[in-house]
Amino acid sequence: MKIHEYQGKELFRNFGVPVLSGHAVRTAKEASDAFQLLGGDLAVVKAQIHAGGRGKGVFLENPSRRGVELVRSAEEAYRVASDAIGNRLVTAQTGPAGQRVKLLYVEQGCQIERELYLAVVLDRAKSLPVLMVSSQGGVEIEHVAATTPELIFKEHFDPASGLESFQVRKVCRKLGLSGPQSKSADKFMKSICRFFTDHDCSLTEINPLVVTKSGDLIALDAKITFDDNAMYRHPELKLLRDLDEENSNEVNAADHGLSYVQLDGDIGCLVNGAGLAMATMDIIKYYGGRPSNFLDVGGGATGSQVTEAFRILLTDPNCKGILVNIFGGIARCTTIAGSIIQASKELGFNIPLVVRLEGTEVEEGRKMLEESDVKIISAKNLSEAAEKIVTVTASGK
């Protein structure tokens, strides 16, 4: 689960991580008022969307505006907000359609000495959280990793004891922080690592982390993603979820106990089991096709779940055909076949449907489909199924 920058900074503030004052606003008038409330002669107006690269992002209807703008008066804050609210912001992470901006964050300015990069993620290879830092703050970390990987420094730490002082000193030497800066860094980095573990995060990223002229470290950004599987431990965090920023099909799938991720291809996949779903997408690519989704209905899928899965796939305008690849176990092939027949009656299939069934009660399931009036293309193995769906979607028949 992702949250907005302003929400992340409120969590930081409550956890003792230094952030600047700011106000979330939804109108140009509120942006103007926020500038006056901050009381300085410089502020930053930031678009609040669940995507990175906002500083370089461009608004579709006003290309002269960026997702992050410096303003020096209440009037300028009003103009910038007027151009941003309701407009679509395009960044490297949004795709060409961009994301509509409904919310802004007006934050006070500060005197910046240096910009650094800091993040905490889980290193799955070592089964430990790792603090990552770089002197190249304000730059996409992917670019730094590709061009100057030697400028990224890592420190793994025990989630029980947290980051140790000797580790902070190592990081400070690599970043060139000394004196008051290193003292500030000790408190800051330890707090961020505790924040990561205490909140069950999968990502806590600050880009840029700024060093002020007085030597203080301040989080000028807050990009936080929480582990969905741990949200039962944090009911208060669920209240921060912004469904407008999420794919509606992915939200609907989660509500029905389905694992769904929308992709940019044109072949829908309905599979039971995450590993089998990955293999299905791989073999579609092997035969020259492009999956339009990852969809795992689970090993114990019910008829209503399968029907809802079809409903989700059929609402994707890019989906030109569907491959059903089921290995019957707890969910028997007869259950899946009956669900396909029921879904056909409720929804109607107006695109090609290739079905490959294997496992418990497979012969009975195949017979049910053969005797039904559902128009399907049968396949007895995964290679045959993938080849057929790629061929039929490419032909448009």
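## Aromatic rings

Phe12, Phe15 and Phe195 make up one aromatic cluster. In this predicted model, local features need pLDDT of at least 70 and side-chain atom pairs count only at pLDDT 80 or more, while totals for chains, interfaces and linings use all residues. Residues are numbered from 1 along each chain as its sequence is written, and side-chain values use heavy atoms, leaving out hydrogens and water.

Rings of Phe, Tyr and Trp (its six-membered ring) pair if their centres lie within 6.5 Å; planes under 30 degrees apart are stacked, over 60 edge-to-face, and the rest tilted. The count by this rule is five aromatic pairs. Tyr286 and Tyr287 form an edge-to-face pair, at 5.2 Å centre to centre and 90 degrees between the planes.

## Salt bridges

The structure contains 20 salt bridges, each a side-chain nitrogen of Lys or Arg within 4 Å of a carboxyl oxygen of Asp or Glu. One of them joins Glu5 and Lys46 at 2.9 Å, N to O. Glu5 belongs to helix α1 (residues 5-15) and Lys46 to strand β2 (residues 43-47), so this pair ties together parts 41 residues apart in sequence. Helices (H or I, at least four residues) and strands (E, at least two) are DSSP runs, numbered from the N terminus.

Glu5 and Lys46 are both buried, which means under 20% relative accessible area, against over 50% for exposed and in between for partly exposed (1.4 Å probe, protein chains only). Lys9 bridges to Glu107, with the closest N and O atoms 2.5 Å apart. Lys9 is buried at 0% relative accessibility, and Glu107 is buried at 1%.
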